[in-house]
Amino acid sequence: MQSFLSQLQKGATSFIGTNIIAVDIGTAITRIAIFEKGVVIREPSYVGLNTKTNEYVFFGGEAKEIYGKAPNFIQIIHPMDFGIISDFDSTVKLIEHFFEKAVHPFFFKNKLLKTKFIAYTTIPSNATEVEERALEEALIKAGAGRVRILEKSTVTGFGAGLPVFSNDPVFVIDMGAGLIEMAIIIAGGIVASKTLKLGGFHMDMVIKNYLHLKNGIIIGENTAEKLKDDLMQFSDTKKVATIRGKSLENGLPRSIRVTSTDVNEALISTFNQIIDGIKDLLETIPPEVVDGIVKNGITLTGGLGNIPGIDKYIMLDIKVPVSISENPADATINGILKLLKDKDRLARVVIR
Ligand SMILES: Nc1ncnc2c1ncn2[C@@H]1O[C@H](COP(=O)(O)OP(=O)(O)OP(=O)(O)O)[C@@H](O)[C@H]1O
Ligand SMILES: [Mg+2]
């Protein structure tokens, strides 16, 4: 242990394999993996604070479950906005809880003295230095001995199986709950990027507002998210769901049928804004890069990559091949895990 601590102080990455974890605190979902074991946490990024006692009482899935139906003195917080910490204390508590639940039992089995572990995490390319420092501090406060922050798009592309370290351009779009993050990567570095605050959480609000206006019904965020996840598609298989909310007219319970066509109609302008963003980014890149992009295509990652037919919908408009990575929502955490086995490449994507 003594030697591990001294290596920590030196900041070396040469002790890969010793007490190392990967952390991806997503806007919707936090994923934590242990180097030797794989993913051990995949839970909603939500906490519940008892405002009477100032204690955090719900974490992850259970906090999200009661979002919108908790008693007044329980405040449900999602501490991440657009891929960045928006509530520092809640983030610390959330991560601390997950560390205690799934990381400590792995590393500290039958040990009285807790050795520290090193946490590798990522941050979006548009984050400021202050936001980077907040992420580092939150993980340290939650129990990590040391934190290394990696460039998110490159890591995500690597996790999606793309040759991000080659001299050929790679175009990856991570479509998560917070951000739509587009990046063109060559030789392990970003040559052009663009982020749009039009991720899944924004889409849920759009669905909520749409049903408010069109059907005069008020629904909660979790219901809107479920409608998006279950009904949104760009293919021919139309689905239907019956949901319950409150009538705008008299405040009484009301149920309505919502179809895939409704959800498409609500979200189409958001998707077209995303496509415009892709076109804007393509316009800024040097001509030498365009050829490689057209040849290699665009790869989609993130939870929105699960929307059936989204690849073809984007491809039809921008006329560049588009594909969805395998297991798109886990691309970032898988990218960190893969890089932990490759310390030379890992060193190239470390930001701090
Ligand atoms: N089948 C699906 N159809 C539509 N949306 C989906 C589907 N599956 C997941 N999603 C959405 O994907 C989002 C979660 O994606 P992801 O896990 O990549 O986000 P995140 O990593 O937490 O966010 P970010 O990286 O932006 O901080 C949620 O908005 C979720 O509703
Ligand atoms: Mg993510």
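Is isoleucine 34 buried or exposed? Isoleucine 34 has a relative accessible area of 0%, so the residue counts as buried, the cut-off being under 20%. Please keep in mind that this is a predicted model.

**Around isoleucine 34**

Isoleucine 34 is part of strand E2. Setting aside neighbours within four places in sequence, its contacts are Ile20, Ile21, Val40, Ala102, Val103, Phe106, Phe107 and Leu337. Valine 294 sits elsewhere: 260 residues separate it from isoleucine 34 along the chain, and the two C-alpha atoms are 37 Å apart.

**The sheet and its helices**

Now to the sheet that holds E2. Its 5 strands run in the order E3-E2-E1-E9-E10, forming an open sheet with mixed pairing. Strand E3 (38–44) and strand E10 (146–151) each have a single partner strand, so one side of each is left without a neighbour in the sheet. From one strand to the next, the twist averages 20°. As a reminder, strands of a sheet pair through backbone hydrogen bonds, in either a parallel or an antiparallel sense.

Within this sheet, strand E1 (residues 20–25) pairs with strand E9 (residues 118–123) in the parallel sense, over 4 bridges. Isoleucine 20 of the chain stands opposite isoleucine 118 in E9. Helix H11 (residues 331–339) packs on the sheet and touches E1, strand E2 (29–34), E3, E9 and E10. The direction of H11 makes about 160° with that of E1. Another helix, H5 (residues 152–159), lies across E9 and E10. H5 runs at about 80° to E10.

**The chain as a whole**

Stepping back, the secondary structure of the protein chain comes to 12 helices and 18 strands. How does the radius of gyration of the protein chain compare with that of a compact globule? For 352 residues, such a globule would have a value near 20 Å, and the 21 Å of the protein chain agrees with this. Here are some further values for the chain.

| Property of the protein chain | Value |
|---|---|
| Box filled by the C-alpha atoms, along the principal axes | roughly 65 × 60 × 30 Å |
| Buried residues, of the 352 residues | 52% |
| Accessible surface | about 16,000 Å² |
| Part of the accessible surface belonging to carbon and sulfur atoms | 51% |

What share of the contacts between residues at least 6 apart in sequence join residues at least 24 apart? In the protein chain, that share is 62%.

How values were computed
Residues numbered from 1 in each chain as written. Chains lettered and ligands numbered in written order. Predicted model: local features only at pLDDT ≥ 70, side-chain atom pairs only at ≥ 80, totals over all residues. Heavy atoms only, no water. Pairing = 2+ DSSP bridges. Helix = DSSP H or I, 4+ residues; strand = E, 2+ residues; numbered from the N terminus. Axes fitted to C-alpha atoms, helices over the stretch in contact; angles between N-to-C directions. Contact = heavy atoms within 4.5 Å. Buried < 20%, exposed > 50% of the residue type's maximum accessible area, 1.4 Å probe, protein only. Rg over C-alpha atoms; globule rule 2.2 N^0.38 Å. Areas by Shrake-Rupley, 256 points an atom, 1.4 Å probe, with all protein chains shown as cover.
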